[in-house]
Amino acid sequence: MSTAPASVGSMSPHPADAHDVIRVRGARENNLKGVDLDLPKRRLTVFTGVSGSGKSSIAFETIAAESQRMINETYSAFVQGFMPQLARPEVDSLDGLTTAIVVDQERLGANIRSTVGTASDANALLRILFSRLGDPQIGPPNAYSFNTPSVKATGSILVERTGGAARERADFTMLGGMCPGCEGTGRVSELDLTKIYDPSLSLEEGAILVPGYKPGGWMVRQYSEAGFFPGDRPVGEFTAEQLHDFLHKDETKVQINGINLTYLGLVPRIRQSVLLKDREAMQPHIRAWVDEAVAFGPCPECEGTRLAAPARSSKIAGLSIADACAMQVSDLLAWVRGLDEPGAAPLLGALGDLLQSFVDIGLGYLSLDRASGTLSGGEAQRLKMIKHLGSPLTDVTYVFDEPTAGLHPHDIQRMNALLRQLRDKGNTVLVVEHKPETIEIADHVVDVGPGAGRAGGEICFTGTVDELRRSGTVTGRHLDDRAMLKPAVRTPTGALEIRGATANNLQNVSVDVPLGVLVALTGVAGSGKSSLVNEQLAGRPGVVFVDQSAIKGSSRSNPATYTGLLEPIRKAFAKANGVKPALFSSNSEGACPTCKGNGSITTEFGFMQGVTTPCEDCGGRRFLASVLEYTLGGKNIADVLDLPVSEALAFFSTGEARIPAAAKILQRLDDVGLSYVSLGQALSTLSGGERQRLKLAVQMGDGADVYVLDEPTTGLHLADVSKMLDMLDRLVDSGTSVIVIEHHQAVMAHADWIIDMGPGAGHDGGRVVFEGTPAELVAARSTLTGQHLADYVAS
């Protein structure tokens, strides 16, 4: 006899269903002050607060970092040796964690062969498609890959049979898609030999002009002591054979001072070690040398497609794989959907769904052959999102870093829909964000503050968006802020003429950019704003383009060293204490010998994960104990490097520690919204917006006629945008022209002149659709930007 089940209402909850919260207890990472926090799972939680308040410290460096560390520990010790080494975050306990996937704004690897297609796996699907349907059929998918060279070999092979083994002659051929002329890079380079060596000097005197080749250094000794030519004779006196060996000799085994080495001529070595790197990945001094010494152009053999002739000859419905990769993704999607091939239906469906994700996420204007190193931080983040949109995984924690960065207000609604889509699949979505449009869709808000740096690190509010408005926190008070159109705009003092711009999607653009005023260059992502700046403005005399690219420097670099601030501080310490300035540098005589001025020591355990701990001798302060006894204004050098910009400005502006040169630099840092950043903070920890503002502060010291800024409000809290606008006003009022590429409506409303690109993205953009004052743009409502700005100022 069966027993009827108990009613659902009378059943007690299953213990497994009780874990519906991520519990954080005692978080102390960076500036966090023992934070306790409960985050609901399977909900969309937005972290708000001023820049530097501790939002990322909770979401990324505590929750996501611990989740990834614990997952890594499930692998064998051998495998862990090949994985990133993650230290346990400073936190008492974390409960309820799920697998965390971080989708940040770090730019994609700047490998010269990395493209949008390879980064998204769209190329892999296209290669399979052409290997099945291409006419003529030339081979397997590798035959269509620009990263795979063709290989031919002839020789003997050992064949084993029942009667024994016998050697037979055999030929081996593997067809690859790599263009042999450019090795799959799509470009060739021509070197200016006058920039490579000075014929009047010998190698020992510094004939080689390539960065890194210093007289007496190992790189030069490989040539001067190889024995193919004399190192003490001017290069101009070499015989033809010696000059050929110096510049073009193929790989040859040599022995120098008893060490076996492979000698290679200087020209092929430069091509291998320098020119196969993406330009954006080069250090500034190497990039400057390359710009002078090397002329790049499309490969004449493959016409810049990277592909060998057989791959380009195989076509489907009239298109080769090179043609497909060069198409705008939205057009390629239409082509794929139009193919009627029942035998390849699953493959076409998977490729169509992937390309549809590009369109859904606002990247339909890209082409698959675009180099991934040229994508902005926001574009790179959205590209990373694509692989997660169709993922069948649930109960995953997704952590996003300002996903609306680089998005026009028209595209933010689409991004919001994607965030909701991830949540509705049963995932926990954590978003660090400043844009009110995204804060509005949150199920749960965590406001961190109340200030930045040492003044932050506390939870000011948790709850719903409506409760946030009534909370009285900085974010709550500014959530509904709306800028007003200026009653009067400045009068231009001149104009920069742009005529016939055609880079990327620009359609023969001609426009006059006013000087002496604040100009906003607007338009949807992909409309041609950056192309216009890069082609027509960035290289002009007196024009400084400040973008969000990473700051090149060592792990020891910090704002004090990058801005030159440390130099007057070191001299002031030395003068006050009667000692050498070198003592007050953690990279020189004053460095702790145990950690060599790094402040921490990493202990390696072979193939196991290493452990990084603060240096016991200096306590993580990086300096010798004897150096820390010297003070200025009651503080030692380590105390000064721990100061945030705002406190350092007050410290060096008055009293015994008054240093006008330092105060001047600190004032610029404060003006650009970096008051919370400490002087000794590692540059690698700064966001894209912070890096840009730091570079701007340095450039302001050198002076320029025209500043071009790429979204300077990125990473700025609502309360800080007005401070940025005040700084821009001061620049313009001092006689400097300022052009900002912007999506923030507050900046548009504050501008004197707007140049709007569009009307759409990709081949639907590339034209100037409006130029005039913000008031005229609002009145016309003739473009997407005008409509959103009108709605913004009317709210």
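Student: To get oriented, which domains does the domain assignment of the protein give? Then go to the cavities and pockets.

Tutor: One caution before the details: this is a predicted model. The domain assignment lists five entries by residue range:

- domain 1 covers 18–107 + 375–479
- domain 2 covers 116–156 + 166–179 + 302–361
- domain 3 covers 187–298
- domain 4 covers 481–551 + 704–794
- domain 5 covers 552–685

Several of these are written in pieces, domain 1 and domain 4 among them. Keep those two in mind. For a sense of scale, the C-alpha centres of domain 3 and domain 5 are 38 Å apart.

Searching the whole structure turns up four cavities of 30 Å³ or more. The largest cavity holds about 130 Å³ of space. Its lining has 17 residues. Nearest the centre of the largest cavity are Glu 402, Lys 435, Thr 713, Thr 714 and Gly 715. By class, the lining of this cavity splits into four nonpolar, eight polar and five charged residues. Which domains supply it? Domain 1 and domain 4 each give at least three residues to the lining of the largest cavity.

Next, an open space. The second largest pocket has a volume of about 370 Å³. Its lining counts 21 residues. Asp 481, Ala 483, His 744, Ala 746 and Tyr 792 lie nearest the centre of this pocket.

Helix α6 (residues 240–248) and helix α7 (residues 266–275) have axes that come within 4 Å and cross at roughly 10°. Angles under 35 degrees count as roughly parallel, and α6 and α7 are therefore roughly parallel to each other. In the contact, Phe 246, Leu 247 and His 248 of α6 meet Leu 266, Val 267 and Pro 268 of α7. That contact of α6 with α7 has five nonpolar residues, one polar and no charged.

Last, some backbone points to check before any modelling. Most peptide bonds are trans, and most residues other than glycine have a negative phi. The bond from Asp 135 to Pro 136 is cis, with omega near 5°. Pro 136 sits in the loop between α4 (122–133) and β6 (151–161). Gly 449 and Pro 450 are also joined by a cis peptide bond, with omega about 0°. The loop between β16 (444–449) and β17 (458–463) holds Pro 450. Finally, Arg 306 has a positive phi, near 80°. Arg 306 is in the loop between β11 (294–298) and α9 (309–313).

Definitions and conventions. Residues are numbered from 1 along each chain as its sequence is written. This is a predicted model: local features need pLDDT of at least 70, side-chain atom pairs count only at pLDDT 80 or more; totals for chains, interfaces and linings use all residues. Side-chain values use heavy atoms; hydrogens and water are left out. On a 1 Å grid over the protein atoms alone, a cavity is a set of points where a 1.4 Å probe fits but cannot get out, and a pocket is an open set with protein on both sides within 12 Å along at least five of seven lines; lining residues have an atom within 4 Å of a point. Grid points are joined across faces, edges and corners, and a volume is the space filled by probe spheres set on the points. Ala, Val, Leu, Ile, Met, Phe, Trp, Tyr, Cys and Pro count as nonpolar, Asp, Glu, Lys and Arg as charged, and the others, Gly among them, as polar. Domain bounds come from an automatic or database domain assignment. Axes are lines fitted to C-alpha atoms, for helices over the stretch in contact, and angles run from 0 to 180 degrees between N-to-C directions. Helices (H or I, at least four residues) and strands (E, at least two) are DSSP runs, numbered from the N terminus. Angles under 35 degrees count as roughly parallel, over 145 as roughly antiparallel, 65 to 115 as roughly perpendicular and the rest as oblique. Contact means heavy atoms within 4.5 Å.
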